[in-house]
Amino acid sequence: MAALSSITAVRPTESTTVSGPVLYGATISAGQTVYLDSSDNKYKLADANLSAAAATIRGVAITPGVDGGYGYVAINGNIILVGTTMAVGETYYVGQTAGSIVPDADLTTNDYVSRVGTASSTTQIALSISATGIQHA
């Protein structure tokens with residue numbers, strides 16, 4: 001398997017809880033995972049193999065933005081990831097490439113395990129965000 005690719009937009013559903021506006025600290029595209037950097041209070045791209053802090057997912061970006069710009073982040077509920085196809089029932093995690101979303105099978109040794117959610121359809125994911133702080137064996 002591989003990281004979800006070709007996400008062109010994120011559509012909230014009636015169950016989506018959105019945080020925002022939040023201050024971005026990087027160029028962020030819709031559909032990328034983000035964490036809150038405590039050193040400058042900006043949202044940046046989550047990364048499973050950079051550090052425990054960078055793997056501490058806070059949500060999935062709904063709106064794109066640039067460093068110093070503002071955006072909105074889905075933190076709970078269901079979202080539709082336009083342009084990609086997921087395996088129904090598969091649980092997805094923060095990936096090793098900054099901002100990416102990957103299936104469980106793509107996590108490797110020493111990646112920090114941070115769950116994004118589970119695919120409820122080929123385009124919709126039920127967010128169940130959890131940054132465990134545990135490194136994959």
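Two strands are taken to pair if DSSP finds at least two bridges between them. In the predicted model described here, strand β3 (residues 33–37) and strand β4 (residues 42–45) are joined in this way, running in the antiparallel sense over four bridges. Within this pairing, Leu36 stands opposite Tyr43 in β4. The hairpin formed by β3 and β4 has four residues between its strands, and in this hairpin Asn41 takes a positive phi near 55 degrees.

The protein as a whole contains 10 strands and zero helices, so that, because helices and strands are numbered as DSSP runs from the N terminus, the order of elements along the sequence reads β-β-β-β-β-β-β-β-β-β. A compact globule of 137 residues would have a radius of gyration near 14 Å, and the value of 13 Å computed for the protein agrees with this expectation. Along the principal axes, the C-alpha atoms fill a box of roughly 35 × 35 × 25 Å. The accessible surface comes to about 6,200 Å², of which 50% belongs to carbon and sulfur atoms, while 44% of the 137 residues count as buried. Among contacts between residues at least 6 apart in sequence, 63% join residues at least 24 apart.

The largest nonpolar core comprises 21 residues, and those with the most contacts inside it are Ile79, Leu81, Met86, Tyr92, Val116, Ile125 and Leu127. At least two residues of this core are supplied by each of β5 (57–61), β6 (70–82), β7 (91–94), β9 (112–119) and β10 (124–135), with the largest share, three residues, coming from β6. When neighbours within four places in sequence are left aside, Ile125 is in contact with Gly77, Asn78, Ile79, Leu81, Met86, Tyr92, Val116, Gly117, Thr118, Ala119 and Ser120. A second, separate core consists of nine residues, among them Val22, Tyr43, Leu45 and Ala61; Tyr43 is also the residue of β4 that Leu36 stands opposite.

Strand β6 also contains Gly71, which has a relative accessible area of 1% and is therefore buried, the cut-off for that class being under 20%. The C-alpha atoms of Gly71 and Leu4, residues that lie 67 apart along the chain, are separated by 21 Å.

Conventions. Residues are numbered from 1 along each chain as its sequence is written. This is a predicted model: local features need pLDDT of at least 70, side-chain atom pairs count only at pLDDT 80 or more; totals for chains, interfaces and linings use all residues. Side-chain values use heavy atoms; hydrogens and water are left out. A nonpolar core is a set of buried Ala, Val, Leu, Ile, Met, Phe, Trp, Tyr and Cys residues joined through side-chain atoms within 4.5 Å. Buried means under 20% relative accessible area, exposed over 50%, partly exposed in between (1.4 Å probe, protein chains only). Contact means heavy atoms within 4.5 Å. The radius of gyration is taken over C-alpha atoms; the globule rule is 2.2 Å times the number of residues to the power 0.38. Accessible areas come from the Shrake-Rupley method with a 1.4 Å probe; for residues, only the protein chains shown count as cover.
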